[in-house]
Amino acid sequence: MAESRAERKARRALIEAAEGLEEKKSSKESKSAKGKAKAKRPSSRRSKDKASQTRSKRSHKNQVSSTRKAVDPKSPCSIMKACGGCTALNRPYKKQLAAKQAAMEELFAELCEREGVAADPIRGMGVTLGDPGKYPAPRGFRHKAATPFAPGKEGAVRCGFFERGSHRIVAVPECPVEAPGARQILNGIAREAERLHIPAFNEDKHLGLLRYAVVRCGWRTDQIMVTLVTAQRDLPHAQEFFEAVAALDPHIVTVAQNINGRPGNAILGEETRIVYGAECMRDQLLGCEFDISPTAFYQTNPQQTELLYQLAIDGMDLHQGDVLMDAYCGSGTIGLCAAKEAQNEGIGIMLLGVERNPAGIADARRNAELNGLTRSAWFMADDATDYILDAADNNERVDVLSIDPPRAGSTPEFLEAACALKPRRITYISCNPVTQERDLHQLLDGGYRLLKIAPVDMFPHTDHTETVAVLERR
């Protein structure tokens with residue numbers, strides 16, 4: 001039975017009251033700590049500076065000194081205040097989940113009341129809100145890590161995170177939420193570039209070469225892929241640099257170079273080439289094998305991805321002979337996991353995958369072959385809206401529609417065409433519940449009813465929540 005709006009409001013008030021007490025207490029403790037810190041502040045910085053003998057040490061000092069005031073030795077992360085990525089890292093995980101649950105219930109309140117359903121309890125990492133006992137403190141779950149580069153003094157190459165609200169780089173010795181070893185690789189790339197006199201990119205002057213690096217680590221495999229983003233193709237000592245990067249960790253199977261000479265803060269450019277090792281790295285989700293190329297989309301938190309995808313697959317309720325359309329399919333992960341599970345249960349379906357990114361479609365076709373699904377899976381490089389409009393015009397049959405759009409959500413044209421296709425079920429995975437809530441209104445007005453809204457905590461310690469909505473044709 002769904003909670004009434006009054007009950008939701010009362011429970012939310014209790015949560016906010018508890019959070020307010022915690023924050024007030026935290027504020028008092030912080031002020032007390034600042035007072036003690038002032039009394040004990042050392043005055044021997046010169047002796048530390050004199051100990052820096054080499055350029056790499058000077059580079060490290062320059063990076064660390066810019067964030068010294070933000071360092072909190074008692075925090076789970078020494079640069080948490082400066083970085084701004086994990087704003088709730090110090091908050092107990094149970095309270096994080098409760099706050100996200102309250103936010104999702106408030107966001108979807110009108111839809112849930114209209115449909116007579118209640119939002120599911122949020123699924124966290126290793127726990128669902130409401131479970132008894134001690135809650136975990138999630139660590140090491142981000143299997144994709146990245147850094148910008150910037151020039152420092154005397155040819156130094158600086159790396160780390162952008163400081164909150166700025167483009168100043170905060171040095172990151174290690175990150176508690178990234179996969180072990182990922183940050184060491186990124187810092188090692190900066191050291192190797194500095195050693196070989198490969199200049200970091202200056203975004204203000206548009207000078208220099210090395211712009212970004214992205215490290216992706218396998219979850220169920222030990223494979224690692226590194227993508228180096230440079231302002232131009234040619235680098236000094238290029239081959240030595242690529243080999244040095246590959247030698248940073250024995251599990252690195254691929255080093256790619258992406259060329260992005262355009263102004264702006266987009267990380268990747270259009271040209272990518274493999275400069276060391278295999279064309280792809282490999283990982284596994286829900287018993288399926290996946291090859292991942294340097295520019296293809298692949299979820300950052302694979303553990304929660306399995307949970308997210310399983311909720312969507314369960315909502316599909318696939319039957320023998322169904323046609324499943326996977327829109328915005330990326331490298332085919334959701335559709336192939338669903339098709340594989342159906343195959344394992346003796347249910348034969350046909351899978352259609354649509355994705356604008358040609359690299360993603362190339363990966364999807366390779367992944368279909370990896371998982372023995374080439375005879376029942378087809379993937380097209382096309383705009384999802386254009387494809388579904390054509391499908392609706394041609395009265396093509398789609399029994400189940402799976403959509404996982406970007407943060408901007410879907411388009412009114414896509415949703416209108418989706419309703420015209422009249423699939424029996426629609427599963428909608430969203431990385432932005434605000435745009436999903438907007439889109440769900442159009443689907444409900446187009447002849448569907450909401451069966452389930454399930455929040456998933458993909459990124460603990462942040463305010464980010466992903467959701468799975470399951471709809472059925474009335």
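In this report, contact means heavy atoms within 4.5 Å. Helices (H or I, at least four residues) and strands (E, at least two) are DSSP runs, numbered from the N terminus. A residue is called buried under 20% relative accessible area, exposed over 50%, and partly exposed in between (1.4 Å probe, protein chains only).

The model is predicted: local features need pLDDT of at least 70, side-chain atom pairs count only at pLDDT 80 or more, and totals for chains, interfaces and linings use all residues. Residues are numbered from 1 along each chain as its sequence is written, and side-chain values use heavy atoms, with hydrogens and water left out.

**Overall composition**

The protein holds 14 helices and 17 strands. Of its 474 residues, 51% are buried. Among contacts between residues at least 6 apart in sequence, 70% join residues at least 24 apart.

Helix H8 spans residues 238-246, and its buried residues are Ala 238, Phe 241, Phe 242, Ala 244, Val 245 and Ala 246. The cover over these buried residues includes H7, E5, strand E6 (224-230), strand E7 (252-259) and strand E8 (271-277).

Ala 246 belongs to this helix and is buried because its relative accessibility is 8%. Leaving aside residues up to four places away in sequence, Ala 246 touches Ile 252, Val 255 and Tyr 276. Ala 246 and Ile 185 are 61 residues apart in sequence, with a C-alpha to C-alpha separation of 9.4 Å.

His 237 is located in the loop between E6 and H8. His 237 counts as partly exposed because its relative accessibility is 47%.

Arg 183 is a residue of helix H7, and its relative accessible area of 1% is why it counts as buried. With residues up to four places away in sequence not counted, the contacts of Arg 183 are Ala 145, Ala 146, Thr 147, Gly 160, Phe 161, Val 172, Pro 173, Glu 174, Cys 175 and Glu 178.

**Strand E12 and Val 354**

Val 354 is placed in strand E12 (residues 350-355). Val 354 is buried because its relative accessibility is 0%. Apart from residues up to four places away in sequence, Val 354 touches Met 325, Asp 326, Ala 327, Tyr 328, Cys 329, Met 380, Asp 382, Asp 383, Ala 384 and Tyr 387. One of these, Met 325, is 29 residues from Val 354 in sequence and 7.8 Å from it in space, C-alpha to C-alpha.

**Positive phi values**

Two residues other than glycine with positive phi are described here. His 206 lies in the loop between helix H7 (182-195) and E5, whereas Tyr 328 lies in the loop between strand E11 (323-327) and helix H10 (333-344). His 206 is partly exposed because its relative accessible area is 36%; Tyr 328 is buried because its relative accessibility is 19%.

| Residue | Phi | Relative accessibility |
|---|---|---|
| His 206 | near 60° | 36% |
| Tyr 328 | about 55° | 19% |

**Packing of H13 against H14**

Two packed helices are described by the angle between their axes and the distance between the axes. Axes are lines fitted to C-alpha atoms, for helices over the stretch in contact, and angles run from 0 to 180 degrees between N-to-C directions. Helix H13 (residues 412-421) and helix H14 (residues 433-445) pack at about 35°, and their axes are 9 Å apart. Pro 412, Leu 415, Glu 416 and Cys 419 of H13 meet Asp 439, Gln 442 and Leu 443 of H14 in this contact. By class, the contact residues are four nonpolar, one polar and two charged, where Ala, Val, Leu, Ile, Met, Phe, Trp, Tyr, Cys and Pro count as nonpolar, Asp, Glu, Lys and Arg as charged, and the others, Gly among them, as polar.
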